[in-house]
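Hi,

Here is the structure I promised to pass on to you. My notes on what turned up follow just below it.

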Amino acid sequence: MPIQPSIYLDNAATTPMDERVLEAMLPFFTSHFGNPSSVHSHGRNARVALEKARKKVAGLLHVSPGEITFTSGGTEADNTAIWGAIAAYDIQHIITSPLEHHAVLHVVEQAAKNNNIRLSLLKVDAQGSIDLNELEKLLDQKVSTMVSLMHGNNEIGNILDLKAISDLCQQYSAYFHSDTVQTIGHYPLDLQQLSVHAIAGSAHKFHGPKGVGFLYTNKNKKIPPMIGGGSQERNMRGGTENIAAIIGMAQALEIAGQNQEHHRKEVEALKQYFKEKIKVAIPGVSFNGLSGNLAKSLYTVLNVSFPPSDNNQGMLLFQLDLAGISASGGSACSSGARLGSHVLQEIGADPSRENVRFSFSRFNTREEIDYTINKLRELYA
Ligand SMILES: Cc1ncc(COP(=O)(O)O)c(C=O)c1O
């Protein structure tokens, strides 16, 4: 029997952990098991490691360690920022986009409903771009406003101009939160250059462990905690810190930061290679959102729209899975058991076409891409 390959092209969902990250974490499961809140030596040692990790994360973002709160991941960081800003700043108007991750979209919908807050969803065009003029008009209303817009879209890869948006928010004194889960560790982010009040990061998107992330909150725009309890995280999040995971996240972010330009070039070249190969292999493919535009999309994400095919009929992902290739679905259909992607629906993707998100990391190879393209060619023959 031929050996089944195991090809992972779903790195926007999660990434494999770097072995150096695991190595850094291991002692914190065994010898360095102290609780950072304990005052004895075991606790103090854990506290020192925790604060070192915080310093590392803060340093890479050019902020102070006190502005970093460790969380259970991106979702918790987004939730904390949104609920916290609403409570602290008596938000009357929330502006966001229908393409946000559900960690933002569902939360702002709930928050708007519970608190009788006006919710504005920016219009998006067929490629998922927003219009900054519309954002400015909505900002110009003299009520306490929060803007929540993601940096890089996890499905179609669109990258927003954070600087332009943060300048507008500053001009109109709006609270600005950005879900940066898909860009942290992949792009340099100097928060001194941006007027952003809160951002979210998640370790498993940059070769760190799952279930850990962080929230940055600007020291001049404080928000209350979402999780009460003990006084951990400078009273920003009750509960004993997941120290091993936090150490792993800091290590993963450090590795990402040290080699960012190199990794970026490598992964961007893989995406470009995939894109060119698939265009030739399957006539009629196109790319959803801006993902086909290398300058305007995440170098990790290519969302491919396949022409309708009698061979596959909604089974493409399943067929790829059978061939040992993991990618992610993005059906645009809105009825039935498969709910489909809200992002593809919003940009009006054609539901009769198969949409598959391929997302890459530095652990992928050209051989894997060749194999995938060959398999796709077979499936479309
Ligand atoms: C853009 C974006 N925001 C938030 C999240 C949620 O992060 P986590 O899985 O760490 O809760 C994800 C992960 O899928 C994401 O892609």
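Helix H9 (residues 260-281) packs against helix H12 (residues 366-379) at an angle of about 20 degrees, and their axes are 10 Å apart. Helices here are DSSP runs of H or I with at least four residues, numbered from the N terminus. Axes are lines fitted to C-alpha atoms over the stretch in contact, and angles run from 0 to 180 degrees between N-to-C directions. H9 and H12 are therefore roughly parallel to each other, a label for angles under 35 degrees. H9 passes H12 in a right-handed crossing, meaning that the near helix is turned clockwise from the far one by less than a right angle.

A word on provenance: this is a predicted model, where local features need pLDDT of at least 70, side-chain atom pairs count only at pLDDT 80 or more, and totals for chains, interfaces and linings use all residues. Residues are numbered from 1 along each chain as its sequence is written, and side-chain values use heavy atoms, with hydrogens and water left out.

- a backbone N or O atom of Gly74, at 2.8 Å
- a side-chain N or O atom of Gln182, at 2.8 Å
- a side-chain N or O atom of His204, at 3.0 Å

Taken alone, the ligand exposes 390 Å², and the protein buries 84% of that (Shrake-Rupley method, 1.4 Å probe).

Best wishes

Terms used
Polar contact = N/O pair within 3.5 Å; in protein donor to acceptor, adjacent residues only side chain to side chain. Helix = DSSP H or I, 4+ residues; strand = E, 2+ residues; numbered from the N terminus. Parallel < 35°, antiparallel > 145°, perpendicular 65-115°, else oblique.
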